Amino acid sequence: MPTAAAATGSALAALAPDLRTALTRTRYDADTLLEALGADAHTALGRSEPVPVRRAVRGAGDLGTLVRLLLLGDPVPEREAAAAFAPVGIDRAIAAGLLERDGGEVRAALDLRPLDLGNDDRWVLSDLDDSMRRRTLTADHVLGVGQASLSLLRATPTAPTGTVLDLGTGCGVQAVHAAGYARTVTGTDVNRRALWLAGATAALNDLDIELLEGSWFEPVDGRRFDRVVANPPFVVGPARVEHTYRDSGLALDGASELVISRAPELLAPGGTAAMLASWVHVDGEDWRTRVSSWLPGHGVDAWIVQRDIADPALYVGTWLRDAGLDPRDPIAQERAERWLAAFDAADVEGIGFGFVYLRAVDGPTEVLAEDLTHGFDDPLGAEAIAYFERSAWLRAVAADEEIAWNARFEVDAATALERVFLPGSDGWDQAVVRLHRGNGPRWQHEVDDTAAALLAGMRADGLPLEELVELLAIGHTGTIATPELRSAALAVTTGLVRHGLIRPL
């Protein structure tokens, strides 16, 4: 049976009020850290280069002590640590598992760092990684706020909602983020140490987060949520568990398949899910078909976005380093050999990574799986909600095309038209006409001159689509619109609506 985490009653969680006082007094927050370090040293911190950071905080008083202790992993004299952590006593911090003694000095036993989540400064507790000092990670290692976590934070919708489930909460960063936009937050994890740290993180930020221990969906069996977020152990490889934060015990992309296929059961009507996932690219198989097959046939609107594709050797090397292993070491080489052999046996040509967005709908499942591997700056969270709103309108049009024919449309202000000309025998020849979306995912659509002319007539005070198409036909051919023109016009209109380049009014 799932159990509520005992983290809220731990000595580390009990330390939270006084620790919060110390962190607030020393201004150990994201903005002050950037100010104290300066842009160059702050960037060096992100590159795991301690010397520029250490030099930057000389003379920074208690804040400098916390930076050296908590971010660089340096030992500091106990008297300096005592001053920085006051009113938290050093003996109490050691007993709680936050610090440890090293002769007359103390070291950090946990990672504690500030994080700007947009709505407020937060602090996150996790296990120490090997960013500043080489260390081998234990099986129950609790990862801090890495690139995957940051990606999901930026990609999660933050519109106010009721209930949120953080499936596989780890250090609790997604749950803490959710507390800024949800009425209630529940986090689950199979790793008891993760729940200990997530509970302490919640207490440190003075948040009430329900934490439940158990495997996968067991802790919340029968419950429904308005939003589900998940950064599951999605690493693709052999069926083994070396580190619970990344390994599921399921072969290849079995963890992503399990979460994607079962997540719809957790969604309340109209509820949404935002998840990270990985999938294999198998010889002779379209990755879109593979991932789409994991969803039920009814009740889901899905938007699946592939952000990256890694070749197997690069993928294995990256995750070996992530676990603190040097790929040149014999043990690491033996693991790499087994890992790559498993890929060969399954005809794996690459590993895709991306976001999976789901919305619970009353109707047949619809899936759009597409590549978004080009660079863009804007987060996808708000875009996902907008996508589902556009998708709902498109479902209505599929049931009754008159909705589109009677609608007026407006070209989004961020949409641009590009014409590319190349040298030809008689001067410049038009090679392509392309529409660009200048914000969000920056989609591009190639169109023809007829479609460009159609969009030129779309405006808020303009004509319905039906009349625009008839005027277009008369202007080009002198006759009424043919069925072929009407079909093409409807297709280009709905395609551009789906990606937000135009919108129905």
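## Around Val-229

In this predicted model, Val-229 touches Thr-156, Val-164, Leu-165, Asp-166, Leu-167, Gln-174, Tyr-181 and Ala-274, leaving aside residues up to four places away in sequence. Val-229 itself belongs to strand S10, which covers residues 225-230.

Is Val-229 buried or exposed? Its relative accessibility is 1%, and since buried means under 20%, Val-229 counts as buried. As for Leu-15, that residue is 214 residues from Val-229 in sequence, and the C-alpha to C-alpha separation is 28 Å.

## How H13 meets H14

Two packed helices are described by the angle between their axes and the distance between the axes. For H13 (residues 312-322) and H14 (residues 330-345), the angle is about 140° and the axes lie 10 Å apart. The two helices are therefore oblique to each other, and H13 passes H14 in a right-handed crossing.

Who makes the contact? On the H13 side, you'll find Pro-312, Ala-313, Tyr-315, Val-316, Trp-319 and Leu-320. H14 answers with Ala-332, Arg-335, Ala-336, Trp-339, Leu-340 and Phe-343.

H17 runs over residues 449-456, and its buried residues are Ala-451, Ala-452, Leu-454 and Leu-455. Look down the axis of H17 and these fall within an arc of 155°, so they line one face of the helix. As background, an α-helix has 3.6 residues a turn, so residues three or four places apart point the same way.

Conventions
Residues are numbered from 1 along each chain as its sequence is written. This is a predicted model: local features need pLDDT of at least 70, side-chain atom pairs count only at pLDDT 80 or more; totals for chains, interfaces and linings use all residues. Side-chain values use heavy atoms; hydrogens and water are left out. Buried means under 20% relative accessible area, exposed over 50%, partly exposed in between (1.4 Å probe, protein chains only). Helices (H or I, at least four residues) and strands (E, at least two) are DSSP runs, numbered from the N terminus. The arc is that of the directions from the helix axis to the C-beta atoms. Axes are lines fitted to C-alpha atoms, for helices over the stretch in contact, and angles run from 0 to 180 degrees between N-to-C directions. Angles under 35 degrees count as roughly parallel, over 145 as roughly antiparallel, 65 to 115 as roughly perpendicular and the rest as oblique. A crossing is left-handed if the near helix is turned anticlockwise from the far one by less than a right angle, and right-handed if clockwise. Contact means heavy atoms within 4.5 Å.
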